[in-house]
Amino acid sequence: MRTLLSTALVRKPDAFRVWRETIYDRLSPLEITKIGDRPFEGEIEAADLGSLLVTRVSSGATRTRLTTEALRRSEKEATVTVAIMLSGVSTFARDDREAIQRPGDIVVLDRRPGSTESSDDSKALFLEIPADRLESMLGPARLFAALNIGSEQASASLVRTFFDELILIHERLDPETATRMSSIGIDLLVASIAERMARDVPTHVHGNLVVQRAKAYIETNLHDPTLDPPHLAAAVGVSLRRLQALFHERGRHISDWIWRRRLEVAALRLTDPGCGHLSVGLLAHGCGFSSQAHFSRRFKDRFGMTPREYRHAAGLEAASARQR
């Protein structure tokens, strides 16, 4: 990661002010006050993983407020921030929900007024993500904002490890690959949030969350040709009959949804210049189809043209042919 600011290089009387201004510019127009009398020390590092903005913040003890006025000045109302705690302790508050974060914990912060208090020597990784990337799978952000996802949850550990590794290698990735890798990381995050939400959700919305968890699992496992309704039910921890009933209540069949998403993702990849080097067969395999013939037949039924015709219409067939 590139260093945006190290207070070790700033005059001590100016250290906190400069650090606060850098946070303001990089993250959000926050009101930040220093806690305690110790000389302030902090560091801000940054990385851009495709379209994903990543910031690592180390600091002394601080108290932060995101106010209604600050939100009006912000240009990031369409995003949420995901905080992954690396060291120290932070407390995040939104409305009547409070999350106490310890190393390895994850919390999502939406764009509503709230406060944060961080201990001395705290360090956290902040991911700025389009809100609709999470809400399309999990519902409104207020349902999961400031809900602590503890490090004891295996999927939370997986999310942290994935982003740690991605940050280490991101400078060796071309922009298209970095974007795809960050998207995979967000899918892992969605699955982790869904798992956490299901633990203490009110009974009347539990069915919605089971379906959301199932859809999140489908998104991250479309490549697996063995993904089917029994496999999915086992993965989300309910009986096949229960999962089928939940999908039927929403006017869907599990198998139809899986195949629909495979075809939609395949269509996106056929028109993605970053996937132009992939043959139709490889692309089909990557979306969970057991054969190119099966893929082509289903694709034509859905879109009215073969995958090759669809790619040609997007102007990518010639580039694909040159790669072969």
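At 39% relative accessibility, Arg 2 counts as partly exposed, a class lying between buried (under 20% relative accessible area) and exposed (over 50%), with a 1.4 Å probe and protein chains only. The model is predicted: local features need pLDDT of at least 70, side-chain atom pairs count only at pLDDT 80 or more, and totals for chains, interfaces and linings use all residues. Residues are numbered from 1 along each chain as its sequence is written, and side-chain values use heavy atoms, with hydrogens and water left out.

**Exercise 1.** Identify the salt-bridge partner of Arg 2 and state which strands the pair ties together.

*Solution.*
Step 1. A salt bridge requires a side-chain nitrogen of Lys or Arg within 4 Å of a carboxyl oxygen of Asp or Glu.
Step 2. Asp 48 is the partner of Arg 2, with the closest N and O atoms 3.5 Å apart.
Step 3. Helices (H or I, at least four residues) and strands (E, at least two) are DSSP runs, numbered from the N terminus. Arg 2 belongs to strand S1 (residues 2-6) and Asp 48 to strand S3 (residues 42-49), so the bridge ties together parts that are 46 residues apart in sequence.
Step 4. Asp 48, at 38% relative accessibility, is also partly exposed.

**Exercise 2.** Describe the salt bridge between Arg 260 and Glu 264 and the network to which both belong.

*Solution.*
Step 1. The N to O distance between the two side chains, Arg 260 and Glu 264, is 3.0 Å.
Step 2. Both lie in helix H9, 4 residues apart, so about one helical turn separates Arg 260 from Glu 264.
Step 3. Arg 260 has 31% relative accessibility and is partly exposed.
Step 4. Salt bridges link Arg 260 and Glu 264 with Glu 219, Arg 261 and Arg 302 in a network.
Step 5. The count of salt bridges in the model is 17.

**Exercise 3.** Characterise the largest pocket by volume and lining.

*Solution.*
Step 1. On a 1 Å grid over the protein atoms alone, a pocket is an open set of points where a 1.4 Å probe fits, with protein on both sides within 12 Å along at least five of seven lines; lining residues have an atom within 4 Å of a point.
Step 2. The volume of the largest pocket is about 1200 Å³. Among its 37 lining residues, Arg 180, Ser 183, Asp 187, Val 265 and Arg 269 are the closest to the centre.
Step 3. Helix H5 gives the most to this lining, namely 10 residues.
Step 4. By class, the lining comprises 16 nonpolar, 10 polar and 11 charged residues; Ala, Val, Leu, Ile, Met, Phe, Trp, Tyr, Cys and Pro count as nonpolar, Asp, Glu, Lys and Arg as charged, and the others, Gly among them, as polar.

Terms used. Points joined across faces, edges and corners; volume = space filled by probe spheres on them.
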